[in-house]
Amino acid sequence: MSGRINSAATETEVLIFKKENRLKEIWRRLKKDKLALAGLFLVCFFIIMAIFAELIVPYAAAVTINPHNRLARPTNEFIFGTDGFGRDLFARCLHGARVSLSIGFITAIATAIAGSIIGAIVGYVGGKLDDIVMRALDIFSAIPSILFAMAVVAAMGPGIFNICVAITVTSIPGFVRIVRSAVLGIAEQEYIEACRAGGTSTARILFRHVLPNAVGTLIVNTTANVSQMILTAAILSFLGLGINPPQPEWGSLVSEGREFLRTAPHLTLFPGLMICLASFAISVFGDGLRDALDPRLRT
């Protein structure tokens, strides 16, 4: 009898030892998606370039006017050429990545936090609270997000902080709807009813059981929001409602180059390519990460 108990204990220990770590499992599934890995590589590349931009090309090269090099074509000295003021376009794109990526990630995280809390509460509690909040969001949704962001920036003035506030406020309603839909399905599960019957507090149910089970939805929409918010910030800057010059930002660089579109197309080509590559990379990485986190796809 004692031998059987020891044998069972040994088998249990072996099973626990061989249990795969969740992060390793997610990484294993993510590696199978080559497009997602390419997106992750590009995202990391842009982030590293933005962090070490000052070491690669000094910020002075991005803002110093040099009329002798005005509208120079791409050469070994100026990889992306120069703009209408003789400033190094590569330096401006590189340092502009800091602004564009910062706006994208900051606003996406702020939207995810606020939208998740509001969406989880109204979806789980329901009733009159749900009706009031959703009707208020309907009013905001009736206004096109880009027009609402333009109005907020026009009222508050240009600047990184004001742009982040404007984009976050306009993005919260859509995120709330997505989280609410996910929570409505999770709240009807049997284990949630068991938690209620056991006297578990609403806050613990929301943050311990409901939101963790919606993590796949939250991640894919947050990553999609990053690329969307980079585009929104670029649109605002293109329209003159973004960053104050001469500070570079991808949207403002495209705007500056449009008057030289025929004579110097590289002024719009390179910053536009930066916007497209960054948005594409973040989107495909988010899709791949969503698939890796989806419990229905685990083997």
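Q: Where is Phe-260 found, and is Phe-260 buried or exposed?
A: Phe-260 sits in the loop between H13 and H14; helices here are DSSP runs (H or I, at least four residues), as strands are (E, at least two), numbered from the N terminus. With a relative accessibility of 13%, Phe-260 counts as buried. Buried means under 20% relative accessible area, exposed over 50%, and partly exposed in between (1.4 Å probe, protein chains only). This is a predicted model, in which local features need pLDDT of at least 70 and side-chain atom pairs count only at pLDDT 80 or more, while totals for chains, interfaces and linings use all residues. Residues are numbered from 1 along each chain as its sequence is written, and side-chain values use heavy atoms, with hydrogens and water left out.

Q: How many aromatic pairs does a search of the whole structure find?
A: Rings of Phe, Tyr and Trp (its six-membered ring) pair if their centres lie within 6.5 Å; planes under 30 degrees apart count as stacked, over 60 as edge-to-face and the rest as tilted. The search of the whole structure gives five such pairs. One of them joins Phe-80 and Phe-270, whose ring centres are 4.1 Å apart with planes at 5°, so this pair is stacked. Phe-80 belongs to the loop between helix H5 (60–63) and H6, and Phe-270 to helix H14 (residues 266–293), so the pair ties together parts 190 residues apart in sequence. Phe-80 is buried at 12% relative accessible area, and Phe-270 is buried at 17%. In the pair of Phe-140 and Phe-148, the centres are 5.9 Å apart and the planes stand at 70°, so that pair is edge-to-face. Phe-140 is partly exposed, at 42%. Phe-45, Phe-46 and Trp-250 make up one aromatic cluster.

Q: What describes two packed helices?
A: The angle between their axes and the distance between the axes describe them. Axes are lines fitted to C-alpha atoms, for helices over the stretch in contact, and angles run from 0 to 180 degrees between N-to-C directions. For H12 and helix H13 (residues 250–257), the axes come within 7 Å and cross at roughly 40°. The two are therefore oblique to each other: under 35 degrees counts as roughly parallel, over 145 as roughly antiparallel, 65 to 115 as roughly perpendicular and the rest as oblique. H12 passes H13 in a right-handed crossing; the near helix is turned clockwise from the far one in that case, and anticlockwise by less than a right angle in a left-handed one. The contact involves Ile-230, Ala-234, Ser-237 and Phe-238 of H12 with Trp-250, Gly-251, Ser-252, Val-254 and Ser-255 of H13.

Q: At what angle do the axes of helix H6 and helix H12 cross?
A: The axes of helix H6 (residues 89–125) and helix H12 (residues 215–238) cross at roughly 135° and come within 8 Å. H6 is therefore oblique to H12. Thr-222 lies in helix H12 and is buried at 16% relative accessibility. Beyond neighbours within four places in sequence, Thr-222 is in contact with Ala-108, Ala-112 and Phe-175.

Key:
Contact = heavy atoms within 4.5 Å.
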